[in-house]
Amino acid sequence: MIQAHKQKLTFEEYLTYEDETDNRYELIDGELITLPPESEPNNAIVSYLFLVLVNTGIPWRCIKTHICEIQVPILREGDSANRYPDLVILRPEHILLTASRLTITLDMPPPQLVVEVVSPGRVGRDRDYISKRSQYAARNIPEYWIVDPQEQIVAVLRLESGEYVEVGVFQGEQTLVSPTFPQLNLTARQVLGGEF
């Protein structure tokens, strides 16, 4: 991660920050940290999910990959004040609420679902399994998927009493169970391998 801006910013100041680049930033302790580009395997997984979700009837405008920013509560020192999930399913009302900037702020309803694809390495694993899990739960996002290519699993979590509980940890030919989108007919292998 590269520090992009020296002056400490509040989240409100960050929302108006412009540097005339296409960079994505996380705001950590008031500092802008540039996010690296996505890897091809992670991008392939979310591109496949996008196609499957559209084909099950979820409106395509409600499905965002890598570009939807969510303001999240800072729970521990060093937490980011915002996250860019690999895939987000918005609520229909978000289309109007994000017309000027694709950022879901704390005063907006939470999205329906977020999906993170775990990147290799300890930092990525801790971020997706611990930090983001806690922050998304605190943000009241009803469903969170952790797609882990290294472990070859897809963990589906649902929010219950402010914390995520496992609906299931799926692998191979096991069909995912999604409380929010029960119409999905998708196996862990399909998600992890991008197969139809």
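Colleagues, let me begin with the conventions. The model is predicted, so local features need pLDDT of at least 70 and side-chain atom pairs count only at pLDDT 80 or more, while totals for chains, interfaces and linings use all residues. Residues are numbered from 1 along each chain as its sequence is written, and side-chain values use heavy atoms, with hydrogens and water left out.

I turn to the chain as a whole. It contains five helices and 12 strands; these are DSSP runs numbered from the N terminus, helices being H or I with at least four residues and strands E with at least two. The radius of gyration is 16 Å, close to the 16 Å from the globule rule for 196 residues, so the chain is as compact as a globular protein of that length. That radius is taken over C-alpha atoms, and the rule is 2.2 Å times the number of residues to the power 0.38. Along the principal axes, the C-alpha trace spans about 50 × 35 × 35 Å.

Of the 196 residues, 47% are buried. Here buried means under 20% relative accessible area, exposed means over 50%, and partly exposed lies in between, with a 1.4 Å probe and protein chains only. The accessible surface comes to about 9900 Å², and carbon and sulfur atoms hold 51% of that surface. These areas come from the Shrake-Rupley method with a 1.4 Å probe; for residues, only the protein chains shown count as cover. As for contacts (heavy atoms within 4.5 Å), 53% of those with a separation of 6 or more involve residues 24 or more positions apart.

Next, one of the sheets. Strands of a sheet pair through backbone hydrogen bonds, either parallel or antiparallel. In this model, three strands form an open sheet of mixed pairing, in the order β6-β5-β8. Its edge strands are β6 (82-83) and β8, each of which pairs on one side only. Pairing requires that DSSP find at least two bridges between two strands. Strand β5, residues 69-71, runs parallel to β8 and is joined to β8 by two bridges. Within this arrangement, E69 has T103 of β8 as its bridge partner.

What does a search of the whole structure find by way of salt bridges? It finds eight, a salt bridge being a side-chain nitrogen of Lys or Arg within 4 Å of a carboxyl oxygen of Asp or Glu.

In the pair of E31 and K8, the closest N and O atoms are 3.5 Å apart. E31 is partly exposed, at 21% relative accessible area.

R189 and E173 meet in a salt bridge at 2.5 Å, N to O. Since R189 lies in helix α5 (residues 188-193) and E173 in the loop between β12 (163-170) and α5, the pair ties together parts that are 16 residues apart in sequence. R189 is partly exposed at 39%, whereas E173 is exposed at 54%. Separately, salt bridges that share partners join E116, D128 and K132 into one network.

Is R24 buried or exposed? R24 is buried, with a relative accessible area of 16%, while E38, at 29%, is partly exposed.

The side chain of R24 also reaches the backbone oxygen of P36 at 3.5 Å. Leaving out residues up to four places away in sequence, R24 touches I33, T34, L35, P36, E38, H66 and Y84.

Finally, I come to Q112, which sits in the loop between β8 (103-104) and β9 (113-117). Q112 counts as buried because its relative accessibility is 19%. Q112 and L90 are 22 residues apart in sequence, yet their C-alpha atoms are 5.8 Å apart in space. A polar atom of the Q112 side chain lies 2.8 Å from the backbone oxygen of L90. Beyond neighbours within four places in sequence, Q112 is in contact with I89, L90, R91, I141, P142, E143, T180 and F181.

Technical notes
A polar contact is a pair of N or O atoms within 3.5 Å; within protein, one must be able to donate a hydrogen and the other to accept it, and residues adjacent in sequence count only if both atoms are side-chain atoms.
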